[in-house]
Amino acid sequence: MTTLPTTGRAWHLVRRPNGWPVPEDFALVETPVTEPAPGRVLVRNLYLSVDPYMRGRMNDVKSYIPPFQLGEPMTGGAVGEVIASNDERFAVGDHVLHDLGWREYADLKADHATKVSAELAPLSTYLGVLGMPGLTAYAGLFEVASFREGDTVFVSGAAGAVGSQVGQMAKLRGARRVIGSAGSADKIKLLTEEYGFDAAFNYKDEAPVAEQLREAAPEGIDVYFDNVGGEHLEAAISSLTVHGRATLCGAISGYNETEPVPGPRNMMAIIGKRLRLQGVLVADHADLQPKFVEEVSSWIRSGELKYDETVVEGIEHNVDAFLGMLRGQNTGKMIVSLAG
């Protein structure tokens with residue numbers, strides 16, 4: 001029988017960030033590890049996810065998901081290996097997806113673990129292209145935005161875990177034109193040369209986003225997938241055609257602001273153009289999971305859908321990875337690896 005560790009490390013939120021989070025808002029704490037109780041499994045985490053939505057959970061405000069509690073382990077997507085099981089559904093050695101990330105060892109209810117296969121896909125992909133970000137892209141584009149063949153699509157944050165998949169999925173389903181925005185010349189090159197975007201621009205350039213979008217899509221856009229908010233959303237409203245649709249997935253440009261972020265100044269256009277702007281939460285679209293995995297995994301196997309991961313090694317660098325992701329230092333999905 002494998003000897004279990006007696007302790008493991010877990011990240012705690014120790015104070016609420018004011019504006020941009022800083023390392024002093026977090027603490028890496030040693031916690032006890034014990035045999036799992038009946039109906040539970042003990043998992044050694046191999047890959048941890050850091051995602052933009054986690055920033056909102058650091059604020060003590062009511063939202064669609066409860067805030068992190070001070071002085072307690074933080075949570076998030078993780079994939080790991082079962083090292084002890086007290087539930088007949090799981091055996092030692094099984095790989096599982098669960099939500100007790102930000103720690104080395106996770107003791108969780110077996111009901112909250114989902115088996116995943118390292119033979120079907122690399123384990124880290126269940127946190128990215130085949131996981132929550134991928135399903136968010138799939139549901140947000142095809143269901144929420146009611147994508148139709150021949151649409152012109154604009155994606156902000158297009159080199160991130162969600163945006164990079166949205167643009168490629170739109171092309172695979174017959175988009176007339178796909179445009180992306182990102183924050184560096186390298187990312188623009190990636191979008192157009194690797195991911196198949198028809199056009200892309202750097203939102204950090206001097207020209208306003210609205211001007212760059214008009215240049216990239218002189219006939220307007222039919223669908224906007226918003227990961228950024230702010231200036232991007234205002235620009236998209238101006239460029240959307242009559243009966244255009246926008247999926248509002250994130251607003252990372254305002255996550256660390258200490259004052260309320262002004263809304264778009266052109267909201268009257270929503271009325272005149274009869275636009276539809278709708279938010280997306282991936283939890284609302286669990287019914288799409290089987291179709292999503294089937295279609296997207298086939299695209300990956302055929303090489304039609306590409307994905308990138310930015311991997312940071314070691315639990316001690318979890319916060320660094322999170323802060324880097326907020327600053328746009330990742331290409332594709334930001335992953336923390338404990339597998340080494």
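Me: What kind of crossing, left-handed or right-handed, does α5 make as α5 passes α6?

Reply: In this predicted model, the crossing of α5 with α6 is right-handed. The term right-handed applies if the near helix is turned clockwise from the far one by less than a right angle.

Me: Which residues in α5 meet which residues in α6?

Reply: From α5, the residues are Val209, Ala210, Leu213 and Arg214; from α6, they are Glu231, His232, Ala235, Ala236 and Ser239. Sorted by class, this contact has five nonpolar, two polar and two charged residues.

Me: How many aromatic pairs does the count come to?

Reply: The count comes to eight aromatic pairs. A pair of aromatic rings is described by the distance of the centres and the angle of the planes. In the pair of Tyr138 and Phe142, the centres are 5.1 Å apart and the planes stand at 85°.

Me: Why is the pair of Tyr138 and Phe142 called edge-to-face?

Reply: The two rings count as a pair because centres need only lie within 6.5 Å, and the distance here is 5.1 Å.

Me: Why are Tyr138 and Phe142 separated by about one helical turn?

Reply: Both residues belong to helix α2 (residues 132-144), and they are four residues apart, which means about one helical turn.

Me: How do you know that Phe142 counts as buried?

Reply: Buried means under 20% relative accessible area. Phe142 has 15%, so Phe142 counts as buried. Phe142 also pairs with Phe147, edge-to-face, at 6.0 Å centre to centre and 70° between the planes. Phe147 is buried as well, with a relative accessible area of 11%. Ring pairs link Tyr138, Phe142, Phe147 and Phe292 into a cluster.

Me: What makes Asn318 buried?

Reply: The relative accessible area of Asn318 is 0%, and the cut-off for buried is under 20%; Asn318 is therefore buried. Asn318 lies in helix α9 (residues 318-326). Leaving aside residues up to four places away in sequence, Asn318 touches Trp11, Leu48, Val50, Trp102 and Val336.

Key. Residues are numbered from 1 along each chain as its sequence is written. This is a predicted model: local features need pLDDT of at least 70, side-chain atom pairs count only at pLDDT 80 or more; totals for chains, interfaces and linings use all residues. Side-chain values use heavy atoms; hydrogens and water are left out. Helices (H or I, at least four residues) and strands (E, at least two) are DSSP runs, numbered from the N terminus. Contact means heavy atoms within 4.5 Å. Ala, Val, Leu, Ile, Met, Phe, Trp, Tyr, Cys and Pro count as nonpolar, Asp, Glu, Lys and Arg as charged, and the others, Gly among them, as polar. Rings of Phe, Tyr and Trp (its six-membered ring) pair if their centres lie within 6.5 Å; planes under 30 degrees apart count as stacked, over 60 as edge-to-face and the rest as tilted. Buried means under 20% relative accessible area, exposed over 50%, partly exposed in between (1.4 Å probe, protein chains only).
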